[in-house]
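Here is a short briefing to read alongside the structure. Please keep the sequence and the model open as you go through the points.

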Amino acid sequence: MKLFVSEGNPHCVKVLAGLEVAGVKCDVQLVSHEERVVPFLNRPVLPVLLLPSGQHLFSPNAICQYLFEVVGKEASDGSNQLLEWEATELQPAVLQALHMLVLQGKSGEAGTVLKGPLGWLEQYLSKRTTPFLTEETVAVADIVLWAALYPVLSNSAFEAGELPSVRDWFKRVSQLPACEVAVQRVLQGKGLDALKNFLQKQPAPHIQRRDSPPSANATETEDSEPVMTEEEIEVAAQAWSKGLPDCSDSAQKKHPILPQEGKRNVLVTSALPYVNNVPHLGNIIGCVLSADVFARYGRLRGWNLLYVCGTDEYGTATENKAREEGLTPQEICDKYHAVHSSIYKWFQIDFDYFGRTTTERQTEIAQDIFWRLHERGYLLEDIVEQLRCENCQRFLADRFVEGVCPHCRYPEARGDQCDKCGRLINAVELKEPQCKVCQQTPEIRSSKHLFLDLPKLEGELEQWLEKSLASGDWTVNAKHIARSWLRDGLKPRCITRDLQWGTPVPHPDFSDKVFYVWFDAPIGYLSITANYTSEWEKWWKNPQQVELYNFMAKDNVPFHSVVFPCSLLGAQDNYTLVNSLVATEYLNYEDTKFSKSRGVGVFGDMAKDTGIPSDVWRFYLLYLRPEGQDSAFSWADMALKNNSELLNNLGNFINRAGMFVSKFFEGHVPEMVLQDEDKRLIAQVCWELKQYIQLLDKVRIRDALKCILNISRHGNQYIQVNEPWKKIKGEDDDRKRAGTVTGVSVNVACLLSAMLEPYMPTVSQTIRDQLQAPAHCARAMLCADRGFLCSLSAGHRIGTVSPLFQKLESEQIEALRKRFGGQQPDEETPTGKVPSSTVNSAQPKPPAAAAPAVNPSVSAANPERARQLAAAVAEQGDKVRALKAQKAEKSVVTAEVTKLLELKKELALAEGKNPEPSPQKGKKK
């Protein structure tokens with residue numbers, strides 16, 4: 001056997017240590033990084049183990065396993081699991097951390113990258129009783145994980161935090177003579193400096209983060225680096241060199257936008273927000289922001305696209321809000337419609353028309369659909385038992401009654417739907433119902449109502465639905481919800497309500513009623529379009545030419561996939577039905593739910609007061625868009641993503657590229673003579689652009705955003721390896737090389753401005769302004785799949801370059817987290833509000849400088865107070881654990897731990913114990 005290794009290659013530490021520990025006799029040959037040892041690979045790979053059979057092993061982990069198996073030490077199941085974790089989770093993170101440490105000098109960010117894997121390993125080791133990972137003696141998993149971590153954990157500049165179990169294990173393995181020999185042979189006593197040459201020749205590292213798992217239908221090629229042939233690289237370079245084509249097609253909107261022959265006509269809607277609710281971040285990402293990204297993208301692609309939305313203004317919720325504020329329902333609608341408009345304008349939601357449902361066109365269209373359904377026999381009359389609150393003197397709308405779900409026993413099910421199991425409910429089916437206004441138990445009363453005969457339309461609906469699911473881009477959750485409704489069988493659905501504020505039912509026998517909001521509200525899409533243009537039917541009665549995309553949160557899916565389509569199918573008037581239903585999961589706030597009444601979470605009217613630009617809000621919400629599962633907004637994570645992805649990755653690259661042009665070439669793009677390395681970068685960027693287009697065509701908004709960040713990573717690596725700031729000071733060839741690298745980089749920056757337009761429109765325009773880029777460059781590259789083109793040719797003059805992003809400081813983030821954190825545990829516990837007298841007596845406030853005197857509470861236990869505080873301690877403990885699991889910044893975690901310790905002191909007082917020893921407990925020094 002022969003083992004081929006190279007100096008400065010961290011992977012070689014693994015195999016040399018494994019060789020020494022296993023005691024296998026083998027020739028070791030030192031070669032250069034560029035040596036191609038494996039003949040059938042088109043790129044150099046090391047380390048390599050040449051077996052007596054002539055076969056080659058070139059995976060470091062596989063080589064280590066083989067060496068141990070040769071001497072009869074087969075890996076246990078535990079070792080195999082650790083090896084898999086090292087290869088898929090730890091190693092990619094280590095390479096990214098090394099890239100930051102060695103090439104960029106960013107020790108703090110390197111620690112952040114490894115915080116998750118090291119935290120997991122610390123937890124794993126803390127539960128072990130053996131000195132090594134799986135056994136009493138060193139095993140293959142110890143060698144592999146130790147060698148992976150050696151470059152970072154042995155470096156004093158690496159900020160890893162307190163990891164006592166990891167450090168004890170790491171020290172134990174490091175002291176093995178075999179490991180000391182391996183380190184010396186590879187690193188030659190140079191530490192991290194020995195790795196620089198190796199790392200500079202590696203592609204820019206990028207790992208899939210645990211907080212953003214790939215979509216369920218993501219393919220392997222979409223999450224991995226492309227393998228490109230020389231021919232593909234050359235084709236990409238030649239296409240780039242041709243530059244931008246002439247683009248006479250104007251990007252300016254011309255209203256009204258109407259379907260056109262020969263064009264792709266796309267109609268985009270986002271679920272109509274309730275007018276009386278100020279939208280929170282979850283509402284914004286679930287509907288209007290997601291739709292806005294897709295609409296902006298579609299326009300860049302040259303689609304003929306119309307994006308409409310508006311406020312849903314009828315129903316009991318509006319009546320109640322009017323009563324609370326002493327206004328009429330119409331005045332409430334006018335007031336809050338303006339609030340919504342202002343919020344969406346600040347978030348740069350680019351509606352073609354933002355309307356409302358309290359209009360004459362709404363009444364006309366809704367009543368027309370009603371009569372068409374009535375004439376065709378799709379409506380039924382029936383006596384309905386309803387809940388009436390005698391205390392409030394009215395029938396209760398579905399959302400104003402709450403109780404136990406009859407299907408899954410969820411205790412907070414609404415009168416129309418259970419948020420936990422998703423089943424629709426008739427309010428009278430609820431167990432233990434309560435009026436949400438006064439908390440009294442309502443009574444059941446009878447009233448005659450009209451129903452949409454869904455069973456009669458079930459066959460037609462199923463036929464349409466299967467066709468739409470097969471041809472459109474429905475999200476997985478939307479498909480599942482729609483199919484589950486059909487599987488369970490449809491039931492008649494009531495479409496009228498005993499209310500005053502709503503679209504009146506035109507039937508003389510039901511003149512005292514209005515349409516139920518879920519019959520009426522989706523018709524708002526039609527009436528809002530009708531208020532935009534009198535030719536609205538060209539969009540809504542034109543399924544042959546129009547593609548309809550609906551955006552919403554998952555709780556709206558049943559009404560958009562079953563109830564509303566049945567209304568339109570039954571009307572038999574050639575209505576346009578949804579082709580692609582795009583539904584998100586839920587976005588939570590930190591470790592809880594948004595609550596306006598409790599002051600928990602950021603609502604749309606508050607975001608602009610934080611001082612954080614709307615583009616940064618857009619970026620972060622889209623970065624964690626809840627596509628496959630629920631996600632949670634986190635202040636600490638928002639700061640991390642802003643500082644790492646926007647400031648240090650994207651902003652750093654674009655700013656450097658522009659500054660090099662300004663500083664070294666007097667503001668003019670230099671001449672570019674492409675070498676193989678430049679062509680390879682161009683091909684990589686082309687590949688990412690292609691992925692971006694394919695993903696956004698399929699409405700995979702979050703995944704497409706990662707393509708932008710990948711490109712800027714490639715760009716940063718390209719600049720870092722080529723060092724134009726050094727070459728500009730060299731000989732003529734070096735200066736020309738600096739010019740090529742700078743010119744290619746600033747063109748990549750120009751492409752990024754185009755790709756960013758759907759996500760961060762202001763930043764996108766700012767980049768183009770700074771680069772004085774051609775107005776049509778974005779559409780030219782995205783409109784016809786032309787790929788990455790040279791948009792800033794040699795001699796082009798750029799404008800003034802300045803930083804795009806600002807760092808979010810931990811103090812600023814902590815202040816915002818407190819501001820939007822709602823009531824603290826000492827003010828309100830899970831068992832209810834603590835009476836003020838109890839709070840005051842249990843929390844004396846001595847002068848700040850006074851020494852603690854005898855505490856009268858120590859000998860006087862308060863069982864009720866203790867019970868409440870015990871619940872608060874448990875809740876705060878859960879919060880601390882959640883923050884640690886989210887890898888929050890240390891300052892944020894420390895602040896919450898301090899609150900937890902204070903609560904524990906109060907609990908000790910309430911239990912009649914001395915609270916002073918509590919703060920002294922902790923880790924031994």
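Serine 468 is buried, with a relative accessible area of 4%; buried means under 20% relative accessible area, exposed over 50%, and partly exposed in between, with a 1.4 Å probe and protein chains only. This is a predicted model, in which local features need pLDDT of at least 70 and side-chain atom pairs count only at pLDDT 80 or more, while totals for chains, interfaces and linings use all residues. Residues are numbered from 1 along each chain as its sequence is written, and side-chain values use heavy atoms, with hydrogens and water left out.

**Serine 468 and its surroundings**

- Serine 468 belongs to helix α14, residues 454-471; helices (H or I, at least four residues) and strands (E, at least two) are DSSP runs, numbered from the N terminus.
- Leaving aside residues up to four places away in sequence, Serine 468 touches Trp474, Val578 and Asn579, where contact means heavy atoms within 4.5 Å.

**The buried face of helix α6**

- Which residues of α6 are buried? In this helix, which covers residues 164-174, they are Val166, Trp169, Phe170, Val173 and Ser174.
- Viewed down the axis of α6, these buried residues fall within an arc of 135°, so they line one face of the helix; the arc is that of the directions from the helix axis to the C-beta atoms.
- A handy reminder here: an α-helix has 3.6 residues a turn, so residues three or four places apart point the same way.
- What do the buried residues of α6 pack against? Their partners are α4 (107-126), α5 (140-153) and α7 (177-187).

**Cis peptide bonds**

- Leucine 46 and proline 47 are joined by a cis peptide bond, with omega about 0°.
- You will find proline 47 in the loop between β2 (27-30) and β3 (48-50).
- The bond from histidine 255 to proline 256 is cis, and its omega is near -5°.
- Proline 256 sits in the loop between α9 (230-241) and β5 (265-270).

- Glutamine 188 is not a glycine, yet it has a positive phi of about 55°.
- The loop between α7 and α8 (196-200) holds glutamine 188, which is partly exposed at a relative accessible area of 35%.
- Glutamine 439 is not a glycine either, and its phi is positive at about 65°.
- Look for glutamine 439 in the loop between β12 (431-435) and β13 (443-452); it is partly exposed, with a relative accessible area of 46%.
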